[in-house]
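Please prepare a short briefing on the structure shown below.

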Amino acid sequence: MPDPSLLILIPAYNEEQRIEPTLRDYAEFFGTHYTGECQIVVVLNGCTDNTLGVVQKVAAQFPVIRALEFKEPIGKGGALIEGLKLSEHSDLIGYVDADGATPPRAFYELVKKIDDSVDCAIGSRWLPGAVIHQSQQTHRQFASRAFHRIIQFLFGMNIRDTQCGAKVMKTAAVRKIHDRLAIADMAFDINLLYALKHAGFKILEVPTEWTDKVGSKVVLGRTSLTMGLSAIRVWLLYSPKIYWCLRPLRPLEGWIYTKLRAPQPLSRTQRQEQDEKERNR
């Protein structure tokens, strides 16, 4: 039996310097080692450089690659929310960072973990057995572990590494929870994982292989504040009584996101309006 059909999403914001080797490595590896249909979609999020040109150049050699471009910045989470709408075209859907921090063989190990008892497999840099070729700088590791403690306190998911950019899911699970995805910044992973867990889907955390890459878009202070604010927002989404009481503070929330130069979360009304527009196209 061939492997299940697979769609790999790669969110990209101004990645012309880093994305080409990642695309070539993934296209070559899955073209050689994967027996099912595999597509790679790069979701461009308001790029102002030549990322699109680089993707098109590589796609000319590897037809499994294509680009989905959004002219305006919509954030990494926003790009993934849009990309996950393509889930109906495959059995499995996953995403990986554009910098190639997770090599294709490690991503393939996640794909192989999906079975009748596992709906989502995620890479982890913090489990025994993980292979880290180049660690994050000390201050980033500290911020990561502090954020983990906050997430564990708020959600109790018992996941050691929510932010590793390598995840694979059954498309049936994605379709079930897609309307609960609203976080457009880098805290999107929290939104996704808690939505899956809250809906009763089984998440498996797997030690991965990872290399910290030069050129990260993370601005530690601003990014940490944005992710913390978004994590609280996700918690409030699942606490409807508290969320309703805090509605008068919505303008303040918007002001804070604007000051942090971060993509604002989508309200359920905005999501419904977007979906309606797409259905009418």
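This is a predicted model: local features need pLDDT of at least 70, side-chain atom pairs count only at pLDDT 80 or more; totals for chains, interfaces and linings use all residues.

Residues are numbered from 1 along each chain as its sequence is written, and side-chain values use heavy atoms, with hydrogens and water left out.

**Whole chain**
- The protein chain has 11 helices and 9 strands (DSSP runs numbered from the N terminus: helices are H or I with at least four residues, strands E with at least two).
- Of its 281 residues, 50% are buried (under 20% relative accessible area, with a 1.4 Å probe and protein chains only).
- Among contacts (heavy atoms within 4.5 Å) between residues at least 6 apart in sequence, 81% join residues at least 24 apart.

**Ser-5**
- Ser-5 lies in the segment before strand 1 (6–12) and is buried, with a relative accessible area of 16%.
- The side chain of Ser-5 reaches the backbone nitrogen of Asp-91 at 2.8 Å.
- Leaving aside residues up to four places away in sequence, Ser-5 touches Glu-37, His-89, Ser-90, Asp-91 and Leu-92.

**Helix 1 and helix 2**
- The axes (lines fitted to C-alpha atoms over the stretch in contact, with angles from 0 to 180 degrees between N-to-C directions) of helix 1 (residues 19–33) and helix 2 (residues 51–61) come within 10 Å and cross at roughly 25°.
- Helix 1 and helix 2 are therefore roughly parallel to each other (angles under 35 degrees).
- In helix 1, Ile-19, Glu-20, Leu-23 and Arg-24 meet Val-54, Val-55, Lys-57, Val-58 and Gln-61 of helix 2.

Key. A polar contact is a pair of N or O atoms within 3.5 Å; within protein, one must be able to donate a hydrogen and the other to accept it, and residues adjacent in sequence count only if both atoms are side-chain atoms. Angles under 35 degrees count as roughly parallel, over 145 as roughly antiparallel, 65 to 115 as roughly perpendicular and the rest as oblique.
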